[in-house]
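The sequence and structure come before the details.

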Amino acid sequence: MSQEINVLFLDDEKSILSSLRRLFINEPYGVITTSDYKEALDLIGKENIKVVLSDHRMPEIKGTEFLHKVKDMYPHTIRILFTGFAEFSAAEDAINVGEVFRFISKPWDSAELKMIVGQAIHQFDIVKENKELMELTRNKNRELEILNKKLKGMYEVQKEFTSTVSHELRTPLASMKSTVDLVLGEAPGKLNEDQKKFLTKTKNNVDRLNRLINDILDLTKLESGKTELNLKFGNINQVILEAIEAHESAAKEKSLFLKAEVDENLPELPFDSDKLQQVFSNLLANAIKFTEQGGITVSSSNNQEKNHVEICIKDTGVGIKEEDKVKLFQKFQQLGDAAQRSGGTGLGLAICKEIVVRHGGKIWVESEPGKGSAFHFILPIQERRKD
């Protein structure tokens, strides 16, 4: 099997070329020699030449001039100059101007010459490999950019479709709800127990569908950035107390305590009161739903040195499995058994996350099965919300 030619020698002395061929005959790469610089340039284009070595003093062209031509025509080829002892200025010019890899003095040391040629081939291979990797990376980045644009386009279409469909469903749902309410109110006439039972079930399903539509619209607007936060500086403790008051009756129905443990020394911070009421409403409703004994505590604490206030809604409920925690803030995820999931949309926690993140904060959960759950979220004291 013939060797691939990787090295070219240019010298006007035939005896030198002959000795170079003998010197490299057992190397793992092939060499080719010529005394004609034009033929040398042609060979570089035809063969896989990685390294060119040229004598400096030749009748038709100087080695530095020839290697400069090689640089212009084949910039990635490694260039080495042979010089005599009196030609160091030419060597300097070759290195500084022609960007020659090395220069070798005549007469050369055979072992050193082989080592330098080996290093030059290795240098060529590294540069080529890096270039290929860079090109591959550029191609992959272009593919990812195209894919990302497609995904963004699909996501925008999905959001627009979701918003449109949700809006279109609202009108017939409102009509259905008013009709069912009229019949349940016995405006058309007296109802028997079975009729009331079936109509009540219908009303519950209509209400649940209406909640789902509202949640989808809320989440779609939040994700698309169409919901503007009405930020005003205020005391978050007041929002906590209002949220507890709104959920007291639901907690009492299950004989659960619902209390606040707030830090009275909280600084005022910027927040959208209505949006945070939505966060508290979702978190408290979940806590009450998944708690059968004990109760729920809502606390606030001042972390001014870290530029945030931390809120915690802690319950004594069933807790959450470790493998379920990653699903919590995703869309359409409902945990617990079928009885506990009924009536939920699976969007509440996703909405909570979007609202908190839009405020510049973050939300997370700490929980163990059978030991209750603690939902924490932080809000910045100085505004750093996400637009």
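## A cis peptide bond

Proline 107 lies in the loop that runs between strand S5 (102-105) and helix H5 (110-184). Helices (H or I, at least four residues) and strands (E, at least two) are DSSP runs, numbered from the N terminus. The peptide bond between lysine 106 and proline 107 is cis, with omega about -10 degrees.

## Basis of the model

The model is predicted: local features need pLDDT of at least 70, side-chain atom pairs count only at pLDDT 80 or more, and totals for chains, interfaces and linings use all residues. Residues are numbered from 1 along each chain as its sequence is written, and side-chain values use heavy atoms, with hydrogens and water left out.

## Positive phi angles

Most residues other than glycine have a negative phi, and most peptide bonds are trans. Serine 255, not a glycine, has a positive phi of about 60 degrees. Its loop links helix H7 (236-253) and strand S7 (257-261). Serine 255 is exposed, at 65% relative accessible area.

Asparagine 307, also not a glycine, has a positive phi of about 65 degrees. This residue sits in the loop between strands S9 (295-303) and S10 (308-315), and is partly exposed at 21%. Buried means under 20% relative accessible area, exposed over 50%, and partly exposed in between (1.4 Å probe, protein chains only).

## Threonine 291

The loop between helix H8 (273-289) and S9 holds threonine 291, which is buried at 0% relative accessibility. Leaving aside residues up to four places away in sequence, threonine 291 touches Lys254, Leu256, Asp315, Thr316 and Gly317; contact means heavy atoms within 4.5 Å. Its C-alpha atom is 9.4 Å from that of alanine 251, 40 residues apart along the chain.
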